[in-house]
Amino acid sequence: MIELFSGGAYLINGTDIIADTPQAVQEIKQKTGKDADRQKAAKATIAYGILESHNTSGSMDKLKIRFDKLTSHDITFVGIIQTARASGLTKFPMPYVLTNCHNSLCAVGGTINEDDHMFGLSCAKKYGGVYVPPHQAVIHQYAREMLAGGGRMILGSDSHTRYGALGTMAMGEGGPELVKQLLNQTYDINMPDVVGVYLKGEPAKGVGPQDVALAIIGAVFKNGYVKNKIMEFVGPGVASLSADFRIGIDVMTTETTCLSSVWATDETIEEFYEIHGRKKDYVRLSPGETAYYDGMIVVDLSAIRPMIAMPFHPSNTYSIEELNANLMDILDETEKRAQVSLDGAVEFTLKDKVRDGKFIVDQGIIAGCAGGGFENICAAADILKGRYIGSDGFTLSVYPASMPVYMELIKNGCAATLMETGAVMKTAFCGPCFGAGDTPANNAFSIRHSTRNFPNREGSKLQSGQIASVALMDARSIAATAANQGTLTPATEFDGELGKYKYHFDSKIYANRVFDSKGVADPDVEIHFGPNIKDWPEMGELPENLVLQVVSEIHDPVTTTDELIPSGETSSYRSNPLGLAEFTLSRKDPEYVGRAKEIQKAEKARMKGEQICEAVPALKEVMDVINTKFSGAYQANTGFGSTIFAVKPGDGSAREQAASCQKVLGGWANIANEYATKRYRSNLINWGMLPFLIPEGELPFRNLDYLFLPDIKKAVEEKQDSICAYVVDREGLKEFQLRLGELTDEERQIILKGCLINYNRV
């Protein structure tokens, strides 16, 4: 089904793969009549060409990228614009689209959410942007319909910013990276590896894009095969897929931890642009005659079966047939794995869902940037036609990804077909993806064509004793399950016909409702500020020395951004840094906030010129021990704050708040064995936090220990990688080593200044 090459590979004429072995040179000569040149062939990928055209550094080893367009939604754009305003923003220097698809319901916190929306509208007018009102489109569908273009690059503040199927290299990053673009700075990375994804064959009836995506995620996530790399989809199988099918696979590449993705384009994608009135934005993209890839994934589409990703990660994949055939064994394995994710905080079981040997689910959701596409919903309607979901506990909700998609489903009758079954049609909204809509009952099991199934992401609260769980599936198999009134069923068991529906895009929907400044700023517009929209608190520069207290210790194999700062009800506070910070690690380590605030008292006292030991009495003994070896360390040149340890933090969302909330609570660093994603590490750096590394299996400190980092400012200035640190206890100082990893000159300056805001402050 899926094969991973152990090394690099050449692709000849877009169809023939030659593994990078000693025999490769001869094989390439035979096929092309030319000598193999790996360096030249590496420049023949689609990805290389796009990156080269957007690079401003003059070096393809050290890239400085300027993007064509930016996009954000309503739990990120307030903080981004506030940060840019503090640094002197006067006009958006490129098209910037502000969508409102996360806090759409305006249901939490009184006027908070709608105030944020009005802030966005006023800023689009003042700085020359585009404002998409709530319920019109989810962020990524609007970008596909209106922003993408062949050979372009788009940066978004949502991690699923992926438009590669349309020939657009898009990246999802934390807000500070968008701030840099707004301030005419660059996105700085080393040239990433490019991994080919060679598709062959065509999918069986009943197999959808989520099935293919989950099969790939299951094959590459745990081994890090594509981590921080670019996935380039090529091969004859691409032509067998519709544009919607390709888009559905592409958006899920985020869950592999790749940096970005791009696809070869053809007449199918040209037609997509033509349907959307933007044929001029189509560019045919294909690798050169001989292209070299740093890795190769071969996917036999015909061998993919309907898939399910069990709780609590998109990589926990099985075919539905395999699950049904080995039900109790797989459920037992899932329950054991879940206890690691849940820290045993609540009782969790799935075996009680088995009735008469069948697995019964409680809820189905087809939604968002992954599931809410036109073809997915049409296929679901065909499978459910003439059936009904029943009048018991099972429910089905369907969220078209945009109003134009919804309109077409009404016109072609698919919306009516679904509603006749008992399904509920809702407007474009990302809520089911992050716990702000369709939260299941306690202990319920939900199957969703959405993006993630992390713990509590569906809205349950461990701290209140609640737990529900989500499995990811394709819309087709969700519909087949709904047709059987909740009995888990793969869509390959559907023996009817799936129709071919022609899509017509109605541009008037956006023309009549979306505010588009056409890039013209109006500086006289007053920005709308609600009472919950707060400025960032003052943040100091990196001091000469640091005393850090370890205030949380997490030993899960992976820690998600949802666990660092929960989604759902917290989203309404994303415009209030201090208010949001109160939720930091609340579902993972409820003691974190209090501990971080306690040590932060010392730094606040230091900044005011007050005595730190009066603020935090325990520091007197700590400083006495430090001064036995470092007599020059005193409060005037030594900062105080917190750090956390996690094995592999930062999987999942691009949300900057996973880092900024720690910062506003006095966090100076994270310590990890590795960082799950480049974007989380970048978020730490942009908020002035040190991204330390220690070897796996070595943990020289414990939770609540104090650490002393002498001359840390000098170490950053002098580009030292290895940092000498000490555990402080009553017996003295115990030395250990921390690593910083590679940092650009700009990143070092941001850390030294204390955060990106200070770095850019005017």
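Asp711 counts as partly exposed, at 43% relative accessibility; that label covers the range between buried (under 20% relative accessible area) and exposed (over 50%), with a 1.4 Å probe and protein chains only. Asp711 sits in the loop that joins strand E32 (706–709) to helix H27 (712–717). Helices here are DSSP runs of H or I with at least four residues, strands are E runs of at least two, and both are numbered from the N terminus.

A quick word on the model. It is a predicted one, where local features need pLDDT of at least 70, side-chain atom pairs count only at pLDDT 80 or more, and totals for chains, interfaces and linings use all residues. Residues are numbered from 1 along each chain as its sequence is written, and side-chain values use heavy atoms, with hydrogens and water left out.

Back to Asp711: together with Glu544, Glu717 and Glu718 it makes up a patch of negative charge on the surface. Patch members have over 30% relative accessible area and no salt bridge, and like charges are joined within 9 Å. Asp and Glu count as negative, and the charge is placed at CG of Asp or CD of Glu. The areas come from the Shrake-Rupley method with a 1.4 Å probe.

Now for the salt bridges, meaning a side-chain nitrogen of Lys or Arg within 4 Å of a carboxyl oxygen of Asp or Glu. The count comes to 40.

| Pair | N to O distance | Relative accessible areas |
|---|---|---|
| Lys64 and Asp188 | 3.1 Å | Lys64 24%, Asp188 18% |
| Glu177 and Lys180 | 3.2 Å | Glu177 4%, Lys180 9% |
| Glu267 and Arg284 | 3.4 Å | Glu267 51%, Arg284 52% |

Take the salt bridge between Lys64 and Asp188. Lys64 belongs to strand E4 (residues 62–65) and Asp188 to strand E10 (residues 187–190), so this pair ties together parts 124 residues apart in sequence.

Glu177 and Lys180 are three residues apart in helix H7, about one helical turn. Both are buried, Glu177 at 4% and Lys180 at 9%. How many residues of helix H7 (residues 175–182) are buried? Eight of its eight, so the helix is mostly covered. Just after H7, Asn184 takes a positive phi of about 65°.

Glu267 is in helix H10 (residues 267–275) and Arg284 in the loop between H10 and strand E14 (290–293), so parts 17 residues apart in sequence are tied together. There's also a network of salt bridges linking Arg152, Arg278, Lys280 and Asp281.

Ser469, in strand E24 (residues 469–472), has a relative accessible area of 1%. Leaving aside neighbours within four places in sequence, Ser469 is in contact (heavy atoms within 4.5 Å) with residues including Pro311, Phe348 and Ala444. Gln210, in helix H8 (residues 209–220), is buried at 0%, and residues up to four places away aside, Gln210 touches Met252, Arg448 and Leu472, among others. Ser122 is in helix H5 (residues 112–127) and is buried at 6%; not counting residues up to four places away in sequence, Ser122 touches Val525, Glu526, Ile527 and His528.

And Asp495, buried or exposed? Exposed, with a relative accessible area of 71%, in the loop between helix H18 (475–483) and helix H19 (508–511).

Conventions. Patches are made of residues with over 30% relative accessible area and no salt bridge: like charges are joined within 9 Å, nonpolar side chains (Val, Leu, Ile, Met, Phe, Trp, Tyr) within 5 Å.
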